[in-house]
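These are my notebook entries on one structure, written down in the order in which I looked things up.

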Amino acid sequence: MLYLAGIPLGRDPGMIFNIGNMRVLWFADTPSNYSAPGSPFNGTGWVSALENEISGKLDLAVAFIDRSARRRDSRRSDQKGPDRVTWNKDVQHGVTYYPIRRRFDRRDIDRLVSVVTGRSRKEEALVGLYAEIVRDFRPDIIQIFGSEHSYGLVAEKVDVPVLLHLQSIMNPYFKAFLPPGVNWREYLYTPFTPGSILHKFLIRKRWEWACAREARIFKAVRYYLGRTGWDREQVLKFNPDARFFHGGEILRQPFYYADIDAIGSIPSTLRLVTTISEPTYKGFDMVLRTGLILKETYGIDFEWNVYGNVDPAFFERITGITAERAGITVSGVATAEQLVDAIAHSSMYVHPSYIDNSPNSVCEAQLLGAAVVATNVGGVPSLIEDGVNGFLVRSGNPEEIAERVVAMYRNKTLLRRVGHQARDMALARHDRQAITRELLSVYRTITGLDPESSTN
């Protein structure tokens with residue numbers, strides 16, 4: 001039996017029972033299918049896609065930090081004052097949801113006060129609340145989505161097996177946080193305004209906290225789920241005794257349902273698409289440098305739409321290149337449907353990141369049959385075989401990116417062949433039924449129901 005604070009939580013591992021009787025608790029940084037998160041960010045739709053596939057096959061609960069404006073009566077509140085944390089319990093369409101609410105520091109000055117007064121006290125209150133939710137739901141296994149948040153610390157509080165589903169891995173990402181040639185002083189003081197300096201100081205501080213917390217989580221968690229050999233290598237650096245399972249990821253639904261035959265054609269004008277986010281390691285500076293080379297060295301007429309929450313001002317200052325001069329259109333955050341339309345009507349997709357484990361943006365582009373040009377970093381080579389289902393280029397080399405883009409655009413036959421190969425491989429890699437079977441097998445293995453399942 002599995003126990004938490006003397007309470008029996010699991011079943012005899014030797015007992016064979018239907019997977020539908022298994023109780024699984026997720027901790028995720030998204031409400032999944034509970035409610036719309038109230039945010040334009042579309043990066044977590046794959047969690048709800050996974051819930052769609054798995055919810056009817058077991059007894060599922062999803063706990064998440066609720067950042068929505070709507071407030072409901074809390075089930076429990078032991079903390080008083082501005083740092084109070086509470087949780088609710090709500091059952092919808094057969095899934096139990098645990099919205100977790102706390103008063104967040106929304107202004108930079110409030111966050112600075114948190115730095116001075118101490119962040120750990122707030123975090124420990126949250127972790128104690130996570131343990132309360134575990135006691136309430138009594139799961140056989142807990143799955144944590146991502147090591148970026150405090151959820152994984154619940155492994156220190158409970159005796160239920162915890163599976164950490166890897167997303168970004170903070171420590172190696174932080175080492176590659178700054179673009180080549182940029183130091184922390186330049187990052188913090190560009191531009192030299194009080195608001196910008198405070199904001200970037202807090203970004204750096206939050207990353208330092210997250211890296212220290214992640215190292216602590218990796219010591220506490222034994223079981224890991226990841227997509228690449230790079231994932232496995234990073235885990236074993238922190239925890240040599242960890243057990244690593246290979247598992248795929250279900251992508252957002254609109255990328256599966258797109259009518260490729262109706263929209264798939266290479267436009268006469270070179271049309272590039274990139275999705276990117278705020279962190280500097282995502283490589284928006286490479287987009288600016290590459291765009292300028294395409295424009296001034298090759299003299300090519302092109303369109304390059306960049307989607308996401310990137311602020312180009314910092315990158316324009318460090319490169320001396322404006323988006324307008326480089327021919328780049330910063331299009332802001334887009335819905336999944338808008339991205340499907342943009343990528344499906346593009347010539348190719350460009351991924352210029354300095355570090356990544358297995359970016360869903362690349363996978364989504366491949367699923368649409370786009371030829372992808374991506375930097376050869378982290379786990380990206382697990383997704384792309386150079387010249388077969390995409391193209392790999394050296395990190396931080398805009399000349400090579402531009403050269404590859406131009407060469408491929410001039411070879412439409414190769415571009416089409418690579419796009420078709422990318423789609424075929426992506427359909428197999430992100431097969432929803434296969435991924436669901438893999439995950440259920442991992443659950444059974446960890447809980448003792450299927451000890452013969454393979455691991456990496």
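**Entry 1: a loop residue.** I began with His93, which is found in the loop between β6 (90-92) and β7 (95-102); helices (H or I, at least four residues) and strands (E, at least two) are DSSP runs, numbered from the N terminus. I noted that the model is predicted, that local features need pLDDT of at least 70 and side-chain atom pairs pLDDT 80 or more, while totals for chains, interfaces and linings use all residues. Residues are numbered from 1 along each chain as its sequence is written, and side-chain values use heavy atoms, with hydrogens and water left out.

His93 has a positive phi of about 35 degrees although it is not a glycine. With 53% relative accessibility it counts as exposed (buried means under 20% relative accessible area, exposed over 50%, partly exposed in between, with a 1.4 Å probe and protein chains only). I then turned to Arg138, in the loop between α3 (120-137) and β8 (141-145), where phi is near 55 degrees, again positive in a residue other than glycine. Arg138 counts as partly exposed, because its relative accessibility is 36%.

**Entry 2: a cis bond.** I looked up the peptide bond from Thr190 to Pro191 and found that it is cis, with omega near -5 degrees. Pro191 is found in the loop between α5 (184-188) and α6 (194-220).

**Entry 3: aromatic rings.** How many aromatic pairs does the structure hold? I found 27, where rings of Phe, Tyr and Trp (its six-membered ring) pair if their centres lie within 6.5 Å, and planes under 30 degrees apart count as stacked, over 60 as edge-to-face and the rest as tilted. The rings of Tyr189 and Phe192 have centres 5.8 Å apart and planes at 45 degrees, so this pair is tilted. Tyr189 is partly exposed at 35% relative accessibility, whereas Phe192 is exposed at 66%.

For Phe284 and Phe315 I noted centres 5.5 Å apart and planes at 70 degrees, so the pair is edge-to-face. Phe284 lies in helix α10 (residues 284-296) and Phe315 in helix α11 (residues 312-319), so the pair ties together parts that are 31 residues apart in sequence. Phe284 and Phe315 are both buried, and they belong to a cluster linked by ring pairs, which also includes Trp184, Trp207 and Trp230.

Entry 4: Is Asp285 buried or exposed? Asp285, in helix α10, is buried, with a relative accessible area of 2%. Leaving out residues up to four places away in sequence, I found that Asp285 touches Pro179, Thr280, Phe315, Ile318, Thr319 and Tyr354 (contact means heavy atoms within 4.5 Å). Asp285 and Glu316 are 31 residues apart in sequence, and their C-alpha atoms are 7.5 Å apart in space.

**Entry 5: the sheet.** I followed an open sheet of six strands in the order β14-β13-β12-β15-β16-β17, with parallel pairing; two strands pair if DSSP finds at least two bridges between them. The edge strands, β14 (328-332) and β17 (391-393), each pair on one side only. Strand β12 (residues 270-276) and strand β13 (residues 302-308) pair in the parallel sense over seven bridges, and Leu272 stands opposite Trp304 in β13.

**Entry 6: a helix beside the sheet.** In α15, the buried residues include Ile401, Val405 and Tyr409. The buried residues of α15 pack against β12, α10, β15, β16, β17 and α16 (412-429).
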